[in-house]
Structures are given as C-alpha cells and as structure tokens.
Amino acid sequence: MPSSYSEESPLLVSNQSHNAPGRHDERVGMNSTEQRRKKYNMFRTFVLPVACLIVVLIIVKDAISTNHGKEAKPSFLSPSLRDDHDDKDHKSQSQKSSSPSYTKVQTLSFQIYTGGAPAFIMDESTGKERKNHECKGLHSYGQPEDSETLQCYLGLENTAMDVQRRLDIMTDAVNRAYDISSKDESTLKIFLAPEFYFRGLDGAFEFSTEEAEDKAGECSDICHILKGLENIAAHKRFENWLFLFGTVIASEALPREDTFDYQFYNFAPLYKGFDPATSQRIGKNFIVPKRYVSNIDFLTPLRHLTNKTMTMELLDEDNHTLYKTLMNPHASGQKRYGNNIWNRYKDELTILGYNMIEYGWFFMDGISFSVEICLDHLVHRALMTYMADVVTGSKTRIPSSANDSVEWVGIPKHQAQISLVSSAGMDVTVASLALANGGHIFLQDGMEGNVPPHKTYGEDDCQPNEYEFFGGSQCVKRTAVISATDVTFGYEMNMEYKDYDLYPENGGKKWKDVISGLFSSTAYRPKLTVYDPVNITLPL
C-alpha cells in the first residue's frame, strides 16, 4: 500500500464510471502451446525459485503483522447494501457441526470470453483485415505487454446498465446450469465462472471515497454487483450449490497529482446457496482477493505505446477520449493488487455478512477447499500458504462455514478435497496442486473456451516426466502413489462432460445480441460445460 494512500479511501461506494485501468488478457500473445511452454519453463527455471522464497516471506509477514496505518474506516459496500445485513445476524457463532453432507461433486462451468476485443479482424469475404465494429467509437484501446495486437475494452458508458446486463447474463447461465444439473441432494453443485467477468468499459469499476455515501444512500456499481449475486444464490433450489462468480476488477484513485495514479483490485465473489425461509446468510458470502498482477492482466494504454501515431492513423478515430484508459499497473511496477485494504477491514466485511478468504483456503460444510485466481495458481499460492503454515507452527486460521455459523480453524493437514481456479489465460499446473489424495481441481478459463479439455505427458523436453493440461474448462484428479521404490503422484483428467450452448440456436435469444457491447463475439459463443458427478475424497 503506497505511503500516501488516502485517509479518505474507502471502498465500493460510487455509481460513477471513471477513467479506469486497462484490460486483462491472460493469454493474449501466448496463443501457441510452444510459446506458453517456453515462458513457463523460463519462469520455472529462473523466476520461480526466487518467487517461492519471496512468497513464503510475505505469507509469514502477513500472518504476524498487526493492523497498521490510519486509514479512515471505509463505507465498504455503500448504505444500500449495508441496510440489507443486520449486524446481529452476522456475528460469527460457534460452529455446530463439521460433518460433510455431500458425497459427490458436480461442476457446471460457465464459458464466456472475457478477453479484450480485437481492434481489427479478418473479413472472411475479402480475406483482408478490417476494423472490428465492437471497438468503434470507444476510448479504451491498448495492448497487452507481450503482444502487438491492438485491443479495446468493452462495456457501456452507463455503468449501472452495464452491471445489470452482466448480472442478467450470469442469471441466464445459472438458470441454464440448474436445469441440466444433478438433482441429487448428496451431490454438491459448483458453478464456476471465468476471471474478469465483471469488468467495464474502462477496464474496471471504481472504488471511491465516503463522500459518495452522502448521495441519497444509493447503491454503487460494485454494491449492485454483490447484491445481484447474493440474490441469485438466495433461493431454495440452490441449497446444495456453491458459486464462484468469476472476478470483479476495481480501481481506486489515489490522492496524487498524477491523474492516472490508481490502486487496483481483483477479487472473486463466492457464495453458498441457501433457502432464505429456513436459513440465515451467515457463512454464505465470501470475498477471494487475487494477490499477484500478471504481465497480461491489463492493456497498456495508447499514450504509452511507442507506435501510437501509426495506431491512431490506422484507427482513423476522431475521439478525444482515447486517452482516458488508465495505466497498466504491471508495466508501471505494481506486481501485487492492493489487498492490504481488505485485510484491514475484515471486521467491516463480517458486519456486512462477508468473510475474507485471504489465504486461499476455506471449509464449507466440512469439506476442505483451496481457491485461486489465475496467476496465483501458477505461483503456488495455496500450496505455498500450506507449506509456510506448517513450518511456522500451523497458526494460520481460515473460515469454516456450516449450519449458519462460521469459525476460524487451521489449514487441513490432508490439504484440499476440492480446489477451484477462476482464470483468464491459465491451465491446471501440476506443481501448484495442494490436493488431498483423490482430490479434484476444477478450472474455468475466460480465454480458450473453444479449446476442448485434453492433456499431454512428456512432450516438453524440459519436463519429460510431467503432465500438462489444456482447455477452457478442466477437471483433474490427483492420487498419491507410494511404493518401496518410488513416491509419485498420478493424474487423471475427467473427460466425462457435455457442452451446452447458453443461448441455443432454436431459443428465444440471439447470443450475439445478448452479449453485444459487453463481451466480444469474435472468439466463441457462451456455453456451459457440465461434468458428471465425481466422488468427494475423504480425508485420511
């Protein structure tokens, strides 16, 4: 957190759009398997050892650090959302039971392209490049750091309408998932959406100061997002569901002379479904912050490009707002999201009915979970937390929710029975797994939803004895193998799945019309990948 961070920098209380940050394409410029392998090998060989040491030191420091700094207490989710949560209903209570009620798990993955729209596309009729109409008239042009492909962020100028339309599409996906899901009450259903689903025209929705609270107590954009997602989960038919609704990108203006100086946030809203008539909201709402900023998380805006003159000529756009897109935080040296603010206001979150999953671990109904967002998975965040906790005396505490109550318990020695990853440019990484014997990891990506799940073994010369996994949606089971001569892990990719179009051809909605202005239609159509239920491994 910068030293000049504002004393008036609370969160989530603005309805206004802003000149926000750029856009994230987690796999732009890394479209070939060979390129990804080379970069992964360089990362693994040279950067990862140092990064792992740094991660351990950071985790230990975070675990023992006390609340420092003197920021004013934020109006975290705005008055409107604040009124929806009665304080007495959200104080942690002693947990009544930790016995799991589920024997199987079924994942229903929502595949929708969350990358930037290409500024130019190929005209199939002429074979020549032409401007992409999706970007026409927008100010949000830029490039990922490792690519020369010009892109734009999509979204609506009216941010309230933008949020509502994204919520509507998410609701359509959840309803479609319910219709095709298992109705067995002993099967936990997990709805999994990709990273960067909630990302507006400027590349982010804005956090602002407490002054916005005085504006008639109106609900901010991010407040609107969270309320909408809460309403989806609060229904009797979703009592046996867990929802990871992708991620929300947010930025917050810092009090400096530089107009483009912002703090950035990337977090996943996670919810357990429940019946409001028979259950309370306690232990049902969670915030999962992403820790590390990827070099392809944001677009570098036009003003920072060396060839911007040529780009402007190619675009031929008479638009003076082309310079509104904010800085690329990674390119300017910000390698971590501004998560300190989350940790400092955990009590505020609790009052509002939310619990922090700050270390990537939690229990739900007695089942141990790890949860990571994209790059956090590649750099072993959950695994490194587990290892650091062991060597520092197992003092880390994580939320454990069951029976309308929450308590804080230790990280399970048997590791995660289920791991979740929401990403936009990531695959399941063997070296990052922190799974119990027989545990499963489920990943949903927002870039390569048109790539069917598949795996390779030994095809990388630098890693001849390792599996690699690919696909927009992935489900992998890991088992431990110990013999008199060897200790290793086995991996099995679940290929028992079926794809469903979110908006079928014979349906009442045209998919391109539904997503127009919010998500690019140049990549693939939205769909659901539904896996057959698998057994939840039991801890030994």
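1. A disulfide is taken here as a pair of cysteine sulfur atoms within 2.5 Å. The model is a predicted one, and a search of the whole structure finds 2 disulfides. One of them joins C135 to C152, with an S to S distance of 2.1 Å.

2. The torsion about the S-S bond of C135 and C152 is about -80°, so this disulfide is left-handed. C135 sits in the loop between β4 (129-131) and β5 (141-143), while C152 belongs to strand β6 (residues 151-152), so the bond ties together parts that are 17 residues apart in sequence. Both C135 and C152 are buried.

3. The other link is formed by C219 and C223, whose sulfur atoms are 1.9 Å apart. It is left-handed, with -105° about the S-S bond of C219 and C223. Both C219 and C223 are buried. With the bonded cysteines of the protein chain numbered in sequence order, the pairing reads 1-2, 3-4.

4. Two further cysteines deserve a line. C374 counts as buried because its relative accessibility is 0%. C475 has a relative accessible area of 1%, so C475 is buried.

5. On confidence, the protein chain has a mean pLDDT of 80, and 72% of its residues reach 70 or more. Over residues 1-33 the pLDDT is below 50, yet this stretch has 182 contacts in the model beyond near neighbours in sequence. Residues 87-100 also have pLDDT below 50, with 33 contacts beyond near neighbours in sequence. Where pLDDT is low, the predicted coordinates should not be read in detail.

6. The count of aromatic pairs comes to 23. Among them is the tilted pair of W361 and Y386, at 6.1 Å centre to centre and 35° between the planes. This pair links distant parts of the chain, with W361 in strand β15 (residues 361-364) and Y386 in helix α9 (residues 381-391), 25 residues apart. Both W361 and Y386 are buried.

7. F362 and F369 form a stacked pair, with 4.8 Å centre to centre and 5° between the planes. Both F362 and F369 are buried.

8. Which residues do ring pairs link into a cluster? The members are F110, Y178, F191, Y197, F198, F238, W241, F243, F245, Y271, Y354 and F519. R166 lies over the face of F519, at 5.0 Å from the ring centre. K183 lies over the face of Y178, at 4.8 Å from the ring centre.

Notes
Residues numbered from 1 in each chain as written. Predicted model: local features only at pLDDT ≥ 70, side-chain atom pairs only at ≥ 80, totals over all residues. Heavy atoms only, no water. Helix = DSSP H or I, 4+ residues; strand = E, 2+ residues; numbered from the N terminus. Buried < 20%, exposed > 50% of the residue type's maximum accessible area, 1.4 Å probe, protein only. pLDDT = per-residue confidence, 0-100. Contact = heavy atoms within 4.5 Å. Phe/Tyr/Trp six-rings, centres within 6.5 Å; stacked < 30°, edge-to-face > 60°. Lys NZ or Arg CZ within 6 Å of the ring centre and 35° of its normal.
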